[in-house]
Amino acid sequence: MRDRWPAVLVLALAGAGTGGAAACGDPIERPPVAVAGATLQVASERSPSRSLAQSRRTAIVDAVGRVGSAVVSINVTSRRRVQRSPYDLFFVPQLRERIVRSNGTGFLIRADGVIITNQHVVGGAESIVVTLSDGTDADAELVGEDPITDIAVLKITGSNLPVAPVGRSTDLMIGEWVVALGNPYGYLLGNAEPTVTAGVVSATGRNILPSGDQPGLYLDMIQTDAAINPGNSGGPLSNALGEVVGVNSSIFTSSGGSIGLGFAIPVERALRVAQQLLQDGVVRRAWTGLEVAGADAIREWKTQGGVSVTSVAPGGPAARAGVRAGDVMVEANGRRLRNYLDWEAVKLDLLVGDSIAVKIGPERPTDRVVITADLPTVTAERVTVLRDLQLITVDPAIQSERGLQSAEGALIVRISDAVSRATGLREGDAILGIDRTRVRSAAQVGEVLNALRPRQQFRLYFERSGRVTFTDLVFR
């Protein structure tokens, strides 16, 4: 905008100085206006020139016109447990909870009411209400969610609903205009029309280091300085043609508000995940059967020129391709591997059965082709315990897939919200022992629990994020 103002001022001044109709238009006769019994004559004014009026309708305005009607506000109601004391981890019938209301944004990708948003917007939701751009409210069904990519799909009842045009993120140019649409602070702004912020593409292919309990992998992200604020999550990032190129998801901030460092998930990834969620309800992750050195190996990345393979699952895809522990991968599917996030980015967009062309060097320069397979946790036999707990037995393949320290135990692959709140256990925890009994299989957990007496207290040991801890519970 700083470059445009001088041009506008020059046109206005030129018209005033010359009286030329070409710059300011022909005089318009104004009728008298009555004010409190008196008649005032409005001075003749010159209307803005047609070129000036047209200059207000920029590419940004047209882009918003194409996308804006497909943007929706998402209002979520969920429950969060309020921990009163360490005894809340016991199986007790009364648990203090509070109702939490939050909001986010989404956009329609199908005229029958299919909506894309961020998973962190709707995670743990008890109810979801979607507000369309015309103010209409609709109850939404959560079709599926994927915490790894931070994408979720909602469905509302409807037909002939406005759909957001979809573009490509692969040909974005650094510095080109983009528009972020969303509903910051939701209902607090008083209506359902989306807020529009404009900026440029600051960078592409950004990989963001995980922090805290962040489950999502924010890889190959689009960076923009268009303001993204609380409530914008899940909204579209559009190019100047009015085509969605990304899903607004996160910001770097020291204040809680935008400081010009916003990030969007590439639209191709969002649509691929959405298609799998619509088709299967879950995302089938591709398994490579190898692990690489993580964030603590930053010096190795620079000296070795690639990422080192730390372990290879026996009989897994990498082992079958001839990849060995200690190999340094320098390239995968034509992508330079500068660090482990580059490798994670390659894996994130793979489908089961896809191949990865891997270049290994410099100690053992060779080319390998890894054919991906289903995750071992998908194909493993599942054991249901106490109706609300699904377990699988840890073996070398599952240990490699989940990066577990323990070579045996029972991995939790599904747990109801009620049991999770009551016990503190989560999906992904590996149960290692119950009291003095070491757990070696999923079936063994059921046998031990079934042998407990009512109201008997027991100690359960489990691994989470590489650390072994325990919790004391009471069997009911």
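This is a predicted model: local features need pLDDT of at least 70, side-chain atom pairs count only at pLDDT 80 or more; totals for chains, interfaces and linings use all residues.

Entry 1: I started at Ile356 and found Val370 of E24 standing opposite. I then followed the chain from E23 to E24 and saw a hairpin that joins them through five residues.

**Entry 2: Thr288.** Ile356 and Val370 turned up again when I listed the contacts of Thr288. Leaving aside neighbours within four places in sequence, Thr288 also touches Pro317, Ala318, Trp343, Lys347 and Thr372. I placed Thr288 in the loop between strand E18 (286–287) and strand E19 (290–292).

**Entry 3: helix H9.** H9 covers residues 340–348, and nine of its nine residues are buried.

**Entry 4: helix H6.** H9 is also one of the elements that the buried residues of H6 pack against. The others are strand E7 (114–117), strand E10 (141–146), strand E11 (151–155), strand E16 (244–251) and strand E17 (262–266). Which residues of H6 are buried? I noted Val267, Arg269, Ala270, Arg272, Val273, Ala274, Gln276 and Leu277. H6 itself runs over residues 267–280, which makes 14 residues. From its first C-alpha to its last I read 20 Å, close to the 20 Å expected at 1.5 Å a residue. Just after H6 comes Gly281, with a positive phi of about 85 degrees.

**Entry 5: strand E14.** E17 came up again as a partner of E14: the two pair in the antiparallel sense over three bridges. In that pairing, Gln223 stands opposite Phe263 of E17. E14 also pairs with strand E13 (residues 195–206), again in the antiparallel sense and over three bridges. There, Gln223 is the bridge partner of Ala203. I then asked which residues of E14 (residues 221–224) lie on each side. Met221 and Gln223 are on one side, Ile222 and Thr224 are on the other, and with all of them buried, both faces of the strand are covered.

**Entry 6: Thr105.** Next I went to strand E6 (residues 97–108), where Thr105 sits. Thr105 counts as buried because its relative accessibility is 0%. What does its side chain reach? I found the backbone nitrogen of Asn183 at 2.9 Å. Asn183 is also in the contact list of Thr105, which leaves out residues up to four places away in sequence. Among the other entries are Val71, Val72, Ile74, Thr117, Leu181 and Gly182, along with Gly231, Asn232 and Ser233.

**Entry 7: Asp374.** Asp374 lies in strand E25 (residues 373–374). I put it down as partly exposed because its relative accessibility is 24%, and the cut-off for buried is under 20%. A polar contact of 2.8 Å joins the side chains of Asp374 and Arg284. Not counting residues up to four places away in sequence, Asp374 touches Arg285, Trp287, Val352 and Thr379 as well as Arg284. I also checked Leu351, which is 23 residues from Asp374 along the chain; their C-alpha atoms are separated by 9.1 Å.

**Entry 8: aromatic rings.** How many aromatic pairs are there? The count comes to one. The rings belong to Tyr461 and Phe470, with centres 5.9 Å apart and planes at 55 degrees, so I logged the pair as tilted. Tyr461 is partly exposed, with a relative accessible area of 29%. Phe470 is partly exposed too, with 40%.

**Entry 9: the whole chain.** I finished with the totals. The chain has 13 helices and 32 strands. Of its 476 residues, 44% count as buried. Among contacts with a separation of 6 or more, 58% are between residues 24 or more positions apart. The accessible surface comes to about 24,600 Å², and 51% of that belongs to carbon and sulfur atoms.

Key:
Residues are numbered from 1 along each chain as its sequence is written. Side-chain values use heavy atoms; hydrogens and water are left out. Buried means under 20% relative accessible area, exposed over 50%, partly exposed in between (1.4 Å probe, protein chains only). Helices (H or I, at least four residues) and strands (E, at least two) are DSSP runs, numbered from the N terminus. The expected span of a helix is 1.5 Å times one less than its number of residues. Contact means heavy atoms within 4.5 Å. A polar contact is a pair of N or O atoms within 3.5 Å; within protein, one must be able to donate a hydrogen and the other to accept it, and residues adjacent in sequence count only if both atoms are side-chain atoms. Accessible areas come from the Shrake-Rupley method with a 1.4 Å probe; for residues, only the protein chains shown count as cover. Rings of Phe, Tyr and Trp (its six-membered ring) pair if their centres lie within 6.5 Å; planes under 30 degrees apart count as stacked, over 60 as edge-to-face and the rest as tilted. Two strands pair if DSSP finds at least two bridges between them.
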